[in-house]
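Work through the exercises below with the structure in view. Try each task before you read its solution.

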Amino acid sequence: MAHIKLNNEELPGIVGLLNYRPETARPLLDLAETLLRGPSTLTSGEREIIAASVSYWNQCHFCHTSHAAAAVAHLKSGINLIDDIKAGLPNTPVSDKLRTLLHIAHQVQRNGKNVTDDDIAAAREEGATDAEIHDTVLIAAAFCMFNRYVDGLGTWAPEPNEAYLEMGERMAHVGYGKY
């Protein structure tokens, strides 16, 4: 049960919050759509991995699992990716560039001032562009906000990974304009 009376208590995580305040939902959904599905040299699957990783580090089960499920849909990788993201992707082949960007995202998640010149240089050495570095930092910062929104209002979340697969498909292939 959320900390506030939602319009529909059956809607989990951020979905119930978006339904509660449609006027704040629109800019949040537009931000998610732009960051995760808009034009970028990073694939939507890579960007969903960044979002899911930050959410896991923030201990936001709903956001981690829903965005990891979106990564599963984009990458057609199978449900095991959800737990592999939690473990730091030891069983998922990802580029060294993505690993350096995930390191930057983790630094942002801890404290934005933790990102160092060496972190940026390492990402550039692996081929990351300024736009990719920018977007990684913004995804990490935005997901810190989304995670705190979801958990700060005490929303509920289904536990099993399987409960998120349909939502992940919808996020990946329909987008964030509808909730």
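This is a predicted model: local features need pLDDT of at least 70, side-chain atom pairs count only at pLDDT 80 or more; totals for chains, interfaces and linings use all residues.

Residues are numbered from 1 along each chain as its sequence is written, and side-chain values use heavy atoms, with hydrogens and water left out.

**Exercise 1.** Find which residues of α1 are buried.

Solution. 
- Helices are DSSP runs of H or I with at least four residues, numbered from the N terminus.
- Buried means under 20% relative accessible area, with a 1.4 Å probe and protein chains only.
- The buried residues of α1 are G13, I14, V15, G16, L17 and L18.

**Exercise 2.** Describe how α3 and α8 pack.

Solution. 
- Two packed helices are described by the angle between their axes and the distance between the axes.
- Axes are lines fitted to C-alpha atoms over the stretch in contact, and angles run from 0 to 180 degrees between N-to-C directions.
- For helix α3 (residues 44-57) and α8, the angle is about 45° and the axes are 9 Å apart.
- Angles under 35 degrees count as roughly parallel, over 145 as roughly antiparallel, 65 to 115 as roughly perpendicular and the rest as oblique.
- α3 and α8 are therefore oblique to each other.
- Contact means heavy atoms within 4.5 Å.
- From α3, R47, I50, A51, V54 and S55 meet T136, I139, A140, F143, C144 and N147 of α8.

**Exercise 3.** Is S53 buried or exposed? Find what it touches.

Solution. 
- S53 lies in helix α3.
- Its relative accessibility is 3%, so S53 counts as buried.
- A polar atom of the S53 side chain lies 2.8 Å from the backbone oxygen of I49.
- Leaving out residues up to four places away in sequence, S53 touches I85 and L102.

**Exercise 4.** How are α6 and α7 oriented to each other?

Solution. 
- Helix α6 covers residues 96-110 and helix α7 covers residues 117-125.
- They pack at about 155°, with their axes 8 Å apart.
- α6 and α7 are therefore roughly antiparallel to each other.
- In α6, T100, L101, H103, I104 and Q107 meet D119, I120, A122 and A123 in α7.

Notes:
Buried means under 20% relative accessible area, exposed over 50%, partly exposed in between (1.4 Å probe, protein chains only). Helices (H or I, at least four residues) and strands (E, at least two) are DSSP runs, numbered from the N terminus. A polar contact is a pair of N or O atoms within 3.5 Å; within protein, one must be able to donate a hydrogen and the other to accept it, and residues adjacent in sequence count only if both atoms are side-chain atoms.
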